[in-house]
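Open the model in your viewer and keep the sequence panel beside it. This tour goes stop by stop: select, look, move on.

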Amino acid sequence: MARIKKGDLVEVITGRSQARGGDRGKQGKIISVDVEKNRVLVEGINFVTKHVRVGQTQRGTKTGGIENFEAPIHVSNVAIVDPETKKPTRVGFRTEEVTKDGVTKTVRVRYAKKSGKDL
């Protein structure tokens with residue numbers, strides 16, 4: 001089971017501070033996770049500018065220009081936000097017995113280490 005998943009609320013814990021134009025301390029939801037490269041795409045974090053060559057679509061409208069979009073950030077640079085305190089926390093795992101329709105299953109559950117709440 002992964003520590004960070006799509007849809008989690010995370011906070012940037014490294015990099016330049018917001019006073020210096022960076023993203024440290026900002027919070028956002030995870031858009032996607034790249035497991036092979038250990039990178040995550042966070043909503044509203046790590047904006048980069050890309051210059052796209054001018055072209056035309058089938059209908060004749062112009063495309064291109066300057067686009068801003070989120071770039072991936074390394075997993076170690078973000079921390080999951082505790083649902084109770086709204087501050088960064090570490091993730092723990094515990095096993096629980098779940099009974100459904102008379103069948104007992106062992107399930108791993110992620111929880112915030114600071115407050116103990118399930119994620």
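Contact here means heavy atoms within 4.5 Å. With that in hand, a word on the model. This is a predicted model, where local features need pLDDT of at least 70, side-chain atom pairs count only at pLDDT 80 or more, and totals for chains, interfaces and linings use all residues. Residues are numbered from 1 along each chain as its sequence is written, and side-chain values use heavy atoms, with hydrogens and water left out.

**Stop 1: D8**

Select D8. It sits in the segment before β1. Strands (E, at least two residues) and helices (H or I, at least four) are DSSP runs, numbered from the N terminus. Leaving aside residues up to four places away in sequence, D8 touches R3, G28, K29, I30, I80 and R110.

Is D8 buried or exposed? D8 counts as buried because its relative accessibility is 13%. Buried means under 20% relative accessible area, exposed over 50%, and partly exposed in between, with a 1.4 Å probe and protein chains only.

A polar atom of the D8 side chain lies 2.9 Å from the backbone nitrogen of K5.

**Stop 2: the whole chain**

Zoom out. How many helices and strands are there in the chain? The chain has 0 helices and 10 strands. Along the sequence the pattern reads β-β-β-β-β-β-β-β-β-β.

Along its principal axes it spans about 60 × 40 × 25 Å. The radius of gyration is 19 Å, while a compact globule of 119 residues would have one near 14 Å. That radius is taken over C-alpha atoms, and the globule rule is 2.2 Å times the number of residues to the power 0.38.

Of the 119 residues, 24% count as buried. Among contacts with a separation of 6 or more, 42% are between residues 24 or more positions apart.

**Stop 3: the six-strand sheet**

Go back to cartoon view. Find the open sheet of 6 strands, ordered β6-β3-β2-β1-β7-β8 with antiparallel pairing. β6 (73–74) and β8 (88–89) stand at the edges with a single partner strand each, so one side of each has no neighbour in the sheet. Two strands pair if DSSP finds at least two bridges between them.

Walk across part of it. β1 and β2 (residues 27–34) run antiparallel and are joined by 3 bridges. Pick E11: its bridge partner in β2 is Q27. On to β7, which pairs with β1 in the antiparallel sense over 3 bridges. Here V10 has I80 as its bridge partner. Then step from β7 to β8, an antiparallel pair with 2 bridges. V81 stands opposite P88 there.

**Stop 4: the nonpolar core**

Select I4, V10, V12, I30, V40, V42, I45, I73, V78, I80 and V91. These 11 residues make up the largest nonpolar core. β1 (9–12), β3 (39–42) and β7 (78–81) each give two or more residues to this core. A nonpolar core is a set of buried Ala, Val, Leu, Ile, Met, Phe, Trp, Tyr and Cys residues joined through side-chain atoms within 4.5 Å. In soluble globular proteins, nonpolar side chains tend to be buried together.

Stay on I45. Residues up to four places away in sequence aside, I45 touches V12, D23, K26, Q27, E70 and A71.

**Stop 5: T49**

Move to T49, in strand β4 (residues 47–56). Which residues does T49 touch, not counting residues up to four places away in sequence? They are I66, E67 and N68. Show the side chains of T49 and N68: they make a polar contact at 2.9 Å. A polar contact is a pair of N or O atoms within 3.5 Å; within protein, one must be able to donate a hydrogen and the other to accept it, and residues adjacent in sequence count only if both atoms are side-chain atoms.

**Stop 6: two loop residues**

Most residues other than glycine have a negative phi. Select K86, in the loop between β7 and β8. K86 is not a glycine, yet its phi is positive, about 60 degrees. It counts as partly exposed, at 49% relative accessibility.

Finish at D101, in the loop between β9 (91–100) and β10 (103–112). D101 also is not a glycine and has a positive phi, about 55 degrees. At 76% relative accessibility, D101 counts as exposed.
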